[in-house]
Every structure is written in C-alpha cells, then in structure tokens.
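Below is a short report on one protein chain.

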Amino acid sequence: MRSSRRHPLLVPVLLCALAVLAARPGDDDTRTAAGASTEVARLYQDAAVAAQRYEAGRQEADAQRARAQQVEGQLDRERREIARLHEDLGRIARAQYRSGGGIPMAARILLADSPEDLMRDQQVFSQADLAVGNAIGRSHRAEARLAGDEAKAASAWRTLEKRNAELAELKQGIQRKLDEARGQLQGQADASVAAGSCRGAVRLDQPPNRVTDPWVAPVETVELSAGFGSGGSRWANRHTGQDFAVPIGTPVRAAGAGRVVRVSCGGAFGIEIVIEHPGGYYTQYAHLAAVTVDQGDRVTTGQWIAQSGTTGNSTGPHLHFEVRVTPDMGSAVDPLPWLAQRGVQIG
C-alpha cells in the first residue's frame, strides 16, 4: 500500500513545470510573429497589385502625354496658320491701297472713262473686299479654334499631373506600410535568434503555384550580390553560397521539391532552412526573417518556405542560398552552375 504522504510532493513539481511552460515563448508571441509575417506577405501582394496599377497608369500617362504633345503640335500649326493669315491680310490691304481701293465711290464715278470701266472697277473692288472679308473670317475662326485647343491642352496636362501625383502617392503609401511591417518582422526575427529559439512556422496563404519546371530560382526577382567563393572579412574562409539582394520579407521559394531536414535559429546563418532533394543534394536558405515550414515538411518546387531577412552574420537584407552534397556546412558547390545544369539561368 502506497503512503499518502508522498502526494504533497507533486505540488511543487507541478508548480515548477508550470513555471517552465510559462517562461517559454507563448501563443501571444507566436501570434504576434505570425501577424507581422502575414502583414508583410499581404503588403507584398498589395505592392504587386499596386505595381500593376502603377504600370497601367504609367502607360496611360504616357498615352496622355502623347495626346497632350499632339495637341501642342496642332497648336503650333494653328499659330503658324494665323500668322500666315495675318500676312495675307496685310498683303491684300497693301494691294488695295496701291490699286486705289481707298478712293470713295463718288470719285470713282467721276474718274471713270465709261460705264463699262466703272462696272469693271466695281467688280474688281468687290472681289477684293470679299477676299478681305474671307481672310478676316478665316483668321477669326483660326484664333477661336486656337483658344479652344489651348484650353484642351492645358486640361490634358493638368490631368496628367494629377494622375502622376496619385500614382506616386499610391506607391509611397504602400512602401511606407511595408517598411513599418518589415521593421517589425525583422525585430521579432532578431529576438528569436538572440534567444536561440525559433517561433515555429507561420502558415501564410500560398499564392497559386504555376511553376511547371522541376527547379526554380529561390527568389522571383533576381539581383545577385556576393557570389560563391568570394573573399572578405565576413567569412572565415570563402563565401560558400550565392547571395540575392532582396528586401526584408521577400517570399523565398523552394528551389526544388524535397523534404525540410532543418529549421534552426542562431549562429552565423541566423534563421535558416535546409531541404533535402532527390538525388542526394541539399539546398540551404539563410539569414531569414521568418519560416513558413516546419522540419519534416515536404515542399514542392516554387512553394513559399520563408521570408528573407538579415539575421545572423549579415550586413544587410539578402538571401544566402547554398547547394550542398550533405546537409552540413563544408560541402557546398557553386549554386549558379548547378542551377544552370537544371535549366535555371541566373545572371
């Protein structure tokens, strides 16, 4: 029969266990981290939509600019036409003066040699008066058309300036929100690395995966920085991977299908993921701000597995990408030729 006196010992043991559990990163921390990751991912999608709108707006602005310039060209032609009409009026006036067009009708009757001459002179002067009237009418119409077209041109330029201002404000607003979310995401990542404890996967909504090739670049927009084998004070020997200069929070993709064999925080690589691929190769993704997979997960080519950052031994936001023959350091091969052999041309 067991003694009941041993039961009170369970109380301090349970209290200690609860204290340990309370000291671990809680659900609130995980939710906060997930919130930042989700916000960055959402803003990236907003930025992509905004970029499409901006590009469509830029094309419309270019078309508007072309229309405005076309109107300006028309205005120039109209101004030259008005100048020509004014010259015609001056020429007609001078011709009338030289031919006696300013002589009153009574004087013309007295000076006429015959009624036929009088009628002929009257016809000539009537035609001259008609030409003057027509020229003046054309000039007035041209000036009215010019004034209207100038108003249209001014309106077109105002519309263009307003559209450009709206597009600039749209981009700046999203960029401002994105920068704030990136800062929060990186701050949480730095806290995880300092604690040496990953907060777990953030299950982001995956975009439609339209990848049909077996291998892809680890980021969609490629901008290379430090390459494989580079020397520098930041590395003990030589650089063992290929760096991609991307902003914090950029979606990181699985270069190929495989199984996640490592998700870790702390150390020179900060937050990192290692994936094992069929054929005996491994890919590593390092200096991350957040991960969207857990160890043991299976991933498909192009699947979002993380968000880039600048954790660990990093001087700025980028993705460090390695291809290895083992899951560990010291077995890396140059990733760009390796990807090129598999149909992925980078740089």
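Tyr-285 and Phe-321 are both buried, a word used here for under 20% relative accessible area, with over 50% called exposed and values in between partly exposed (1.4 Å probe, protein chains only). The model is predicted: local features need pLDDT of at least 70 and side-chain atom pairs count only at pLDDT 80 or more, while totals for chains, interfaces and linings use all residues. Residues are numbered from 1 along each chain as its sequence is written, and side-chain values use heavy atoms, leaving out hydrogens and water.

The structure holds four aromatic pairs. Rings of Phe, Tyr and Trp (its six-membered ring) pair if their centres lie within 6.5 Å; planes under 30 degrees apart are stacked, over 60 edge-to-face and the rest tilted. The pair of Tyr-285 and Phe-321 is tilted, because the ring planes are at 55°, with the centres 5.4 Å apart. Tyr-285 belongs to strand β5 (residues 281-291) and Phe-321 to strand β8, so the pair ties together parts 36 residues apart in sequence. Strands (E, at least two residues) and helices (H or I, at least four) are DSSP runs numbered from the N terminus.

Elsewhere, ring pairs link Trp-215, Tyr-281 and Trp-338 into a cluster. The charged end of Arg-342 sits over the ring of Tyr-281, 5.2 Å from its centre; this requires NZ of Lys or CZ of Arg within 6 Å of the ring centre and within 35 degrees of the ring normal.

Tyr-285 is also among the residues with the most contacts inside the largest nonpolar core, which has 40 residues. Such a core is a set of buried Ala, Val, Leu, Ile, Met, Phe, Trp, Tyr and Cys residues joined through side-chain atoms within 4.5 Å. Elements that each supply at least two residues of this core include α2 (27-98), α4 (115-195), β5 and β8. Another core, of five residues, lies apart from it and includes Leu-75 and Ala-142.

Ser-314 is found in the loop between β7 (304-308) and β8 (319-324). Ser-314 counts as buried because its relative accessible area is 18%. Its side chain makes the polar contacts below (N or O atoms within 3.5 Å, one able to donate a hydrogen and the other to accept it; residues adjacent in sequence count only if both atoms are side-chain atoms).

| Side chain | Partner side chain | Distance |
|---|---|---|
| Ser-314 | Thr-310 | 2.7 Å |
| Ser-314 | His-318 | 3.4 Å |

The chain averages a pLDDT of 76, where pLDDT is the predictor's confidence in each residue, from 0 to 100.
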